[in-house]
Amino acid sequence: MFQELTGKLETVFKKLRGYGKLSEKNIQDSLREVRRALLEADVHYKVARQFIARVQEKAIGQDVFKSITPGQQVIRVVYDELTALLGGTARDVHFSPVPPTLIMLVGLQGSGKTTAAGKLARYFRQKGRKALLVAADIYRPAAIDQAEILARSAGVPCFHRREGTDPVDICVEAISFGQQEGCDVILFDTAGRLHIDDEMMNELVRIKKKIVPHEILLVADGMTGQDAVNMAGQFQAHLEFDGILLTKLDGDARGGAALSMLSVTGKPIKFVSVGEKLDALERFHPDRMASRILGMGDILSLVEKAEKAIDEERAKEFEEKLRKESFTFEDFLEQLDQIKGMGSLEHILGMIPGMGGNVFKNLSVDETAFTRIEAMIRSMTREERWRPEIIDGSRRRRIAAGSGTTVQEVNRLLKQFSMMKKMVKNLSKMNMKQFGKSLFSFR
Amino acid sequence: MGIVERLREGLQQTRQNLIGRITDAIIGRSKIDDDLMDEVEDILLQTDVGVNMVSKIIDNIRDRIDKESANAPERIVPFLKDEIRSVFMTERAPAGPLPPSSSTRPHVILMVGVNGTGKTTTIGKLAYRYKNQGNKVLLAAADTFRAAAIEQLEIWADRADVDIVSHQMGADPASVAFDSFKAARAREVDVLIIDTAGRLQTKVNLMEEVKKIKRVLTKQQEGIPQETLMVLDATTGQNGISQAKRFHEALNLTGIVLTKLDGTAKGGIVVAIKDQLNIPVTMIGIGENIEDLRDFDPEEFVDALFG
């Protein structure tokens with residue numbers, strides 16, 4: 001996510017950091033490149049211009065020139081402004097004090113509303129709420145089937161009416177159904193529509209007037225270009241929505257549309273969708289995102305993810321085992337499972353400082369690597385997993401055949417495993433001071 | 001003035017066509033200066049052609065102004081149109097899908113693209129079009145991943161009154177493609193259109209999956225599929241280049257179908273795609289009805305870009 005933009009900005013900042021002294025011209029040149037990077041990331045041209053003007057004013061107004069690290073100061077200003085542009089602090093969905101809370105999803109065709117509805121249903125269910133998915137898209141072929149299937153996988157009920165019922169009536173009926181079922185969150189998946197289609201926009205207005213939702217979320221494609229401001233502006237003018245859910249951010253989308261929509265409508269981004277699976281939905285944190293865009297990583301989210309996926313007790317046990325050299329392939333397998341629970345590798349790597357931009361720009365992460373390692377370990381006998389040293393040539397061939405890999409791959413895995421054990425052994429022998437020294441010797 | 005009014009007014013301005021805005025900028029100027037070119041740059045940026053393309057176009061126009069010593073501001077608009085038109089003229093692509101000749105039967109079309117661009121809808125329209133031209137059409141539901149994708153294609157097959165080959169959700173898409181090709185031959189079908197799941201171009205395994213679909217087809221018969229079309233959403237920004245590049249690398253695209261041109265987005269990104277990768281646009285989608293598929297016409301497109 002945002003890799004391109006991050007990479008471009010990193011290059012600009014590297015130059016900026018290199019100056020011992022900054023002149024006004026240095027700053028202006030750098031900011032011109034920042035503007036270019038923003039435009040290439042699909043930030044609306046007006047928004048980009050305003051952004052640069054603000055940064056310039058602040059950077060030149062502050063005591064940047066006197067500072068010992070002037071470049072750093074400018075980057076700080078960019079970071080602060082970017083955070084502000086992204087909406088400042090993370091915002092929650094409005095919950096009604098009296099359940100059920102009604103959440104309406106609106107947006108263009110193909111922005112990912114139905115999938116987002118499924119993800120939100122799962123999200124709320126995980127939070128201990130009882131959600132209901134309402135299929136109010138009666139136009140697109142098989143939209144209702146899709147909502148039903150997604151609701152089923154999310155483990156929530158789905159309300160729909162087959163015949164040509166008016167979507168307004170479907171929504172009204174859904175509320176009483178939800179109340180009967182004791183649901184406390186009701187998600188309305190509306191049909192995709194063009195923002196200039198007055199008749200269809202009017203349908204949304206009618207639904208809004210009738211059910212009075214607590215929250216209207218605009219579902220928008222993260223890959224949208226300059227038109228994002230027209231689209232978001234029209235939805236805002238008709239509906240005054242409350243927040244944005246940004247989808248398809250797991251590719252190399254530059255996400256500039258997000259910045260533009262926010263700045264045009266003043267509505268915060270509340271969720272981002274980062275994958276195809278139902279659990280690939282995250283709350284949006286502007287400060288963390290700003291830091292990710294600027295290549296500073298997002299350690300907070302990473303820690304949160306790790307906390308959710310990894311059992312601390314077990315982690316300690318693993319560490320102890322590694323130290324005592326009793327770490328086996330069985331333990332390794334279990335660890336792999338935990339890492340996989342954190343989401344896609346690419347996504348995780350993007351959160352590590354310095355890993356977001358240029359480092360991985362041209363490298364695509366092969367998500368199947370884990371699967372192959374897993375297959376190899378699963379093709380080992382119990383004894384082999386405990387005592388890998390007994391794995392000879394013939395066993396290697398068997399493991400390769402059993403896992404659909406090659407002997408070379410099995411060799412590599414065995415080698416890596418024994419190296420890992422050795423490394424940990426050496427680490428635990430050193431005291432921390434030595435450890436620190438050896439780390440710095442790499443620089 | 002409330003926020004809503006302000007927005008409405010803002011939108012009125014953006015809705016005004018770009019040519020109108022350039023004309024406004026021209027009025028009161030006797031010659032083309034840097035300010036005017038800055039204005040033109042802003043206007044071009046809005047069409048999503050991208051900042052590199054904009055620089056290139058502006059540079060070319062400056063050259064032309066020098067060469068022809070044409071310093072009258074009203075020359076800007078024709079120059080602009082010329083520049084963009086010339087991108088598409090370099091190698092004139094056959095407009096629209098080729099009519100299948102009996103020697104190459106079945107004419108196989110593989111449809112690919114990222115999620116939500118309108119692949120399935122486009123297939124429905126394309127099937128209807130071929131059917132109306134008197135061809136026997138078969139659809140293949142090789143999107144076995146997205147919930148209800150198969151049902152969606154079935155409904156389109158019904159509307160276009162053509163046959164469909166489908167497996168269960170979760171089945172191997174390559175095997176659906178394989179079966180559909182066998183069926184197309186057995187039933188003496190003229191046109192076979194294969195729907196695939198939407199996939200982001202950066203997902204290595206999903207791109208491998210779609211490469212496998214193509215490989216399986218080529219193995220059946222050299223030169224199959226005759227067409228590999230990427231469906232691109234006109235609202236897409238600069239990411240469109242990455243989409244075209246990666247899909248082209250993986251599958252050797254024969255063309256692009258630009259959809260959702262009935263909104264306010266101009267789809268200017270195809271200019272950059274044609275310029276950088278030389279992939280032609282063959283068709284455009286302009287609405288939700290089954291007839292709303294047109295051949296791409298560069299002249300029309302350039303007019304619409306500024307209209």
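## Helices and strands of chain A

Helices here are DSSP runs of H or I with at least four residues, strands are runs of E with at least two, and both are numbered from the N terminus. On that basis chain A comes to 20 helices and eight strands. The model is a predicted one, in which local features need a pLDDT of at least 70 and side-chain atom pairs count only at pLDDT 80 or more, whereas totals for chains, interfaces and linings use all residues. Residues are numbered from 1 along each chain as its sequence is written, chains are lettered from A and ligands numbered from 1 in the order in which they are written, and side-chain values use heavy atoms, with hydrogens and water left out.

Of the 443 residues of chain A, 53% count as buried, where buried means under 20% relative accessible area, exposed over 50%, and partly exposed in between (1.4 Å probe, protein chains only). Taking contact to mean heavy atoms within 4.5 Å, residues 24 or more positions apart account for 74% of the chain A contacts that have a separation of 6 or more.

## Confidence

The pLDDT is the predictor's confidence in each residue, on a scale from 0 to 100; its mean over chain A is 82, and 79% of the residues of that chain reach 70 or more. The pLDDT is below 50 over residues 357–363 of chain A, a stretch that has twelve contacts in the model beyond near neighbours in sequence. It is also below 50 over residues 431–443 of chain A, where three such contacts are found.

Chain B averages a pLDDT of 87, with 90% of its residues scoring at least 70. Over residues 6–15 of chain B, however, the pLDDT is below 50, and this stretch has 13 contacts in the model beyond near neighbours in sequence. Where pLDDT is low, the predicted coordinates should not be read in detail. For the complex, the predictor gives an ipTM of 0.85 and a pTM of 0.79.

## Domains 1 and 2 of chain A

An automatic or database domain assignment supplies the domain bounds, and it divides chain A into domain 1 (3–85), domain 2 (101–294) and domain 3 (302–440). The C-alpha centres of domains 1 and 2 of chain A lie 34 Å apart, and 20 residues of domain 1 are in contact with 22 residues of domain 2. Between these two domains about 1900 Å² is buried, of which carbon and sulfur atoms give 63%; buried area is the accessible area (1.4 Å probe) that two parts lose on being put together, summed over both.

A:Thr83 lies in helix α4 (residues 70–85) of chain A, and its relative accessibility of 11% is why it counts as buried. Leaving aside residues up to four places away in sequence, A:Thr83 touches A:Gly88, A:Pro286, A:Asp287 and A:Ala290.

A nonpolar core is a set of buried Ala, Val, Leu, Ile, Met, Phe, Trp, Tyr and Cys residues joined through side-chain atoms within 4.5 Å. The largest such core has 155 residues, and those with the most contacts inside it are A:Phe188, A:Phe235 and A:Met261. Because domain 1 and domain 2 of chain A both give residues to this core, it lies between them. Apart from it lies another core, of 31 residues, among them A:Ala117, A:Leu120, A:Leu217 and A:Phe271.

A:Phe235 is one of the buried residues of α9(A). Eleven of the twelve residues of α9(A) are buried, so this helix is largely enclosed by the rest of the structure. The expected span of a helix is 1.5 Å times one less than its number of residues; for α9 of chain A (residues 228–239) this gives 16 Å, and the end C-alpha atoms are 16 Å apart, which agrees. A:Glu240, which follows α9(A), has a positive phi near 45°, and among the residues that A:Phe235 touches are A:Glu240, A:Phe241, A:Arg193 and A:His195.

Helix α5 (residues 113–126) of chain A has 14 residues and reaches 20 Å from its first C-alpha to its last, close to the expected 20 Å. Ten of the 14 residues of α5(A) are buried, leaving the helix mostly covered, and these include A:Ala117, A:Leu120 and A:Phe124. The residue A:Gly128, which follows α5(A), has a positive phi near 85°.

Helix α2 (residues 24–40) of chain A has 17 residues and reaches 24 Å, close to the 24 Å expected. Its buried residues include A:Ile27, A:Leu31, A:Val34 and A:Leu38, and also A:Asn26 and A:Glu40. After α2(A) comes A:Asp42, whose phi is positive, near 75°.
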